[in-house]
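Here is a short tour to read alongside the sequence and the 3D view. Have both open as you go.

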Protein chains: 2
Amino acid sequence: MSQGADGIDLETSLGYLLKEASSALRTAMEEVLRPLGLTITQYSCLELLGQRPGLSGSELARGAFVTRQSMNVLLQALEREGHVTRSVEAPVGKVLPTQLTPLGRRCLEQATAAVRSIEVRMLSGLGEAEQAAVARSLRSMVASLRQPDTHA
Amino acid sequence: MSQGADGIDLETSLGYLLKEASSALRTAMEEVLRPLGLTITQYSCLELLGQRPGLSGSELARGAFVTRQSMNVLLQALEREGHVTRSVEAPVGKVLPTQLTPLGRRCLEQATAAVRSIEVRMLSGLGEAEQAAVARSLRSMVASLRQPDTHA
DNA sequence: CGAAGTGTGTCAGTCTTCTGACACAAAAGA
DNA sequence: TCTTTTGTGTCAGAAGACTGACACACTTCG
């Protein structure tokens with residue numbers, strides 16, 4: 001039952017733990033964002049635009065970890081609801097910069113506050129040093145995962 | 001730009017980092033599972049069954065972090081392909097225990113090996129102590145997130 | 001004993017996201 | 001310069017997951 005050929009110990013596996021934590025975070029965020037009429041991906045999009053106005057659809061997609069096709073339909077919805085504006089014509093090349101509207105900015109403020117409260121709750125059991133350590137480790141894990149399979 | 005009213009710093013936010021790591025892990029797993037004809041959720045289901053034979057659909061759903069409805073359609077597919085067997089009649093109550101078939105077990109063995117290699121790669125930059133620390137912190141985060149909003 | 005509450009399996013419909021494919025623009029290379 | 005490569009936006013179809021709802025079985029409690 002330790003770690004033989006009989007599978008990955010779910011209670012110990014960091015991969016499983018990562019998925020579990022991510023799932024718990026997602027659920028908690030959905031809970032507080034629902035009253036605001038936002039999904040997590042929509043919130044991610046607004047947050048990205050708040051910090052880096054003028055981002056293109058593809059850039060937003062990468063930042064929110066979805067495909068550019070998904071981000072596209074999401075942006076159309078946000079535009080229809082008046083949260084964002086996209087240039088009709090590409091100022092340069094084919095890239096369509098996106099901006100927050102005043103409405104979108106107000107919406108984002110509420111969402112940010114709600115999400116921040118979740119993050120505070122999530123970290124309530126951890127000290128400064130532990131938080132820094134987790135951040136460092138997570139960054140290392142991301143870097144290792146993105147390395148092409150060295151295989152040798 | 002630090003942490004004022006202008007949003008959550010994406011470069012620093014542990015929530016964002018968690019999502020990033022989880023996304024990278026998902027991508028890597030999909031990559032190695034695809035040749036085996038398995039999605040991540042299907043693999044999760046098989047892995048759970050390998051360690052705890054006889055689990056019900058609802059229990060599998062909780063273990064794989066999806067709804068029991070989603071797990072149900074997934075189980076139908078796995079049964080159709082001959083990877084699992086479900087009792088036709090509930091031995092007790094309404095619960096339908098599920099078991100791996102020999103085919104499912106062979107498939108799981110390959111998948112487990114593939115996923116383990118991903119996990120090894122993910123942790124390649126971390127020492128024993130760091131891995132233990134991350135696990136402890138993640139568990140703490142999950143526990144805090146699941147606590148009902150104490151709000152005060 | 002009966003009633004409320006919880007857990008389970010299932011059907012139906014919808015929504016979100018993904019994969020595949022195309023045309024086009026900018027950058028990089030020969 | 002021309003060509004190849006990369007990045008972007010978009011259309012169409014398919015797969016996966018979710019919400020809502022129902023019936024049924026077991027448990028708990030009055």
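## Two helices in chain A

In this predicted model, helix α2 (residues 40–51) of chain A packs against α4(A) at an angle of about 80 degrees, and their axes lie 11 Å apart. Angles of 65 to 115 degrees count as roughly perpendicular, and α2(A) and α4(A) are therefore roughly perpendicular to each other.

Looking at the residues involved, α2(A) brings T41(A), Q42(A) and C45(A) to the contact, while α4(A) brings M71(A), L74(A) and L78(A). By class, this contact of α2(A) with α4(A) has four nonpolar and two polar residues, with no charged ones.

## The surface near DNA strand C

Helix α4(A) also turns up at the DNA: with four residues, α4(A) gives the most to the surface near DNA strand C. The elements that give two or more residues to this surface are α4 (68–80) of chain A and, from chain B, α3 (57–64) and α4 (68–80).

Of the 21 residues around DNA strand C, those that come nearest are S70(A) and G93(A) from chain A, plus S56(B), G57(B) and S58(B) from chain B. The residues of this surface divide into eleven polar, six nonpolar and four charged.

## Where chain A meets chain B

Chain A and chain B each put 45 residues into their contact. On the side of chain A that touches chain B, at least two residues each are supplied by α1 (14–33), α2, α5 (102–122) and α6 (128–146) of chain A. The largest share of that side comes from α6(A), with 15 residues.

By class, the side of chain A that touches chain B has 22 nonpolar, 14 polar and nine charged residues.

Notes
Residues are numbered from 1 along each chain as its sequence is written. Chains are lettered from A and ligands numbered from 1 in the order in which they are written. This is a predicted model: local features need pLDDT of at least 70, side-chain atom pairs count only at pLDDT 80 or more; totals for chains, interfaces and linings use all residues. A residue is near a molecule or strand if its C-beta atom, placed from the backbone, lies within 6 Å of it. Ala, Val, Leu, Ile, Met, Phe, Trp, Tyr, Cys and Pro count as nonpolar, Asp, Glu, Lys and Arg as charged, and the others, Gly among them, as polar. Axes are lines fitted to C-alpha atoms, for helices over the stretch in contact, and angles run from 0 to 180 degrees between N-to-C directions. Angles under 35 degrees count as roughly parallel, over 145 as roughly antiparallel, 65 to 115 as roughly perpendicular and the rest as oblique. Two residues are in contact if their C-beta atoms, placed from the backbone, lie within 7 Å.
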